[in-house]
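The entries follow in the order in which I looked things up.

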Amino acid sequence: MKKRIVLILILMSACVTGITFLQLYWNYQNYKSTVKTFKHDINEALDKAIEREMDARERKIVARFKGWLADTTFVTITCNNKNRDSNTVFTLADTHPYFKKDRGVSFSINAFTEKLSHITPKAKAVFINHMGDSTLRHDLKNGFVYFYTQRLGDSLVKVVDKSRCNAAALGKFYKDELLLRDIDAPFVINPKKQNNPRPFLTRTLNAGLQRPAQKDMVFAGFESPNLYFLRVMKWLIVTSLLLISITIFCFAYTVKTLLSQQKLAELKNDFVNNMTHELKTPVATINIAAEAIQDFNLSKASADEYLGIIRYQAGNLTNLIDQILKSVISEQDSVSLNLSKVNIDQLINGIVQEYKPQSDKANVIVNYNNEDEVLQAIADKPLLKNAIANLLDNAIKYGGPGSVINIGRHIENGSIIISVTDNGPGIPAQYQDKVFDRFFRVPSGDIHNVKGYGLGLSYAKSIIEKHKGTLSLTSKEGRGTKFMISIPFIYHETSQSSVA
């Protein structure tokens, strides 16, 4: 039996260890995958945010460029159709060129189909919008500035050179892009090492408009992406931890159950062996006495003596059978109670009287401290009597010669409390939570001067619990033991006393 239990425990331990390891490994792999996705997303989001921030700066430059084109004191826009196809050709030149021979630059617009010999406001607006929204935007996207005229080019270069990445605007765009990717983690644009000693950094990107000549390097640092990891993986982590906890709990509960069953089996074996020996002794004695009466011509006095032996041993058998029946009853949860009105005082007084021969023989004093108030409860009288009697019998057996047993009862918090207190040797603390287990007896070394089978307290507790009550104890080694029965209080009647 022990070898099988050990084998089962080893296999279960290996199974629990394997499940725990697999769950932890799976969570670690998910963590690595989440980190990889996080790195990819924060870099992609930064790239998109820089594009949006650069686009905002480009729109501002285009707006200024259109203003310069519309300023006749800065540039002059003309057109003519003196060419072979009579198409409109626009000419852009500085109003005040650096060189007199500088006649500007001329070109046509494919989308403009009107044939004009001179510039009109509508044509000029088309030209300005085309130059700003199409031509200049295209140039800026490609990272260079084209000198359409000398003054116009110089002005563009100055503006583009002064244009730097706006960290505040970039941060707003970056946060928006991160949220689109379900990332809500704190970050810093271009963090300094002293402020962020161990940052989770993105790659460094160039936000300069004249790339690669203009260097405007931007990166982001995440001080604590753990919140993001936790939000993404929280249900996986919770589920895994729950599964691991349930597995470990089931394993621990199973181990406890197996060990308890093994211990109970050993106690049962000891009980059966003890009971078998106890049964054989009175049966053998009865057989010998019966044979003596039958085979020998005994005098009446001798026959009466043998009959007394038989009656005594029959009483022992009855007691043993009663102990076994108590064990059976305590295991039957479905046993119905035969409830009736029970006078607690009469019940306890009857038990004290029944056990007077035992208490006198053991030189034990039993006191019942009852009050004037009469207590009545609805209970199964025989079973409740057996439960209280077991406690008294226990106190008499283990109290020792000269001990005093006090029985009391009172009402507390809507319950009837019945206490049985002795001043005997007490119960060691390590055994107090086990005395109500079936077949358990407090170890006493090699001394076995008190007969018992470890069923009385278990039976009493079972009976009280069937009455929706509790049975508990308080004890200090060397200072006695107190058992307390608590059963629901139904009603009570105050005794009527007359005054002469």
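Entry 1. I began with a single pairing in this predicted model: Ile417 has Ser486 of β15 as its bridge partner. I then looked up the strands concerned, β13 (residues 415-422) and β15 (residues 481-488), and found that they run antiparallel and are joined by eight bridges.

Entry 2. I next traced the sheet as a whole. It is open and has five strands, in the order β10-β12-β13-β15-β14, with mixed pairing. At the edges I noted β10 (365-369) and β14 (470-475), each of which pairs on one side only. From one strand to the next, the twist averages 15 degrees.

Entry 3. I turned to the helices that meet this sheet. Helix α9 (residues 381-399) lies across β10, β12 (404-412), β13, β14 and β15, and runs at about 20 degrees to β13. Helix α10 (residues 456-466) also packs on the sheet, where it touches β14 and β15. I recorded about 135 degrees between the direction of α10 and that of β14.

Entry 4. How do the axes of α9 and α10 cross, and within what distance do they come? They come within 9 Å and cross at roughly 145 degrees. I noted the crossing as left-handed.

Entry 5. I listed the residues that make this contact. From α9 they are Leu383, Leu384, Asn386, Ala387, Asn390, Leu391 and Asn394. From α10 they are Gly456, Leu457, Tyr459, Ala460, Ile463 and Ile464. Sorted by class, the contact of α9 with α10 holds nine nonpolar residues, four polar and no charged ones.

Key. Residues are numbered from 1 along each chain as its sequence is written. This is a predicted model: local features need pLDDT of at least 70, side-chain atom pairs count only at pLDDT 80 or more; totals for chains, interfaces and linings use all residues. Side-chain values use heavy atoms; hydrogens and water are left out. Two strands pair if DSSP finds at least two bridges between them. Helices (H or I, at least four residues) and strands (E, at least two) are DSSP runs, numbered from the N terminus. Axes are lines fitted to C-alpha atoms, for helices over the stretch in contact, and angles run from 0 to 180 degrees between N-to-C directions. Contact means heavy atoms within 4.5 Å. A crossing is left-handed if the near helix is turned anticlockwise from the far one by less than a right angle, and right-handed if clockwise. Ala, Val, Leu, Ile, Met, Phe, Trp, Tyr, Cys and Pro count as nonpolar, Asp, Glu, Lys and Arg as charged, and the others, Gly among them, as polar.
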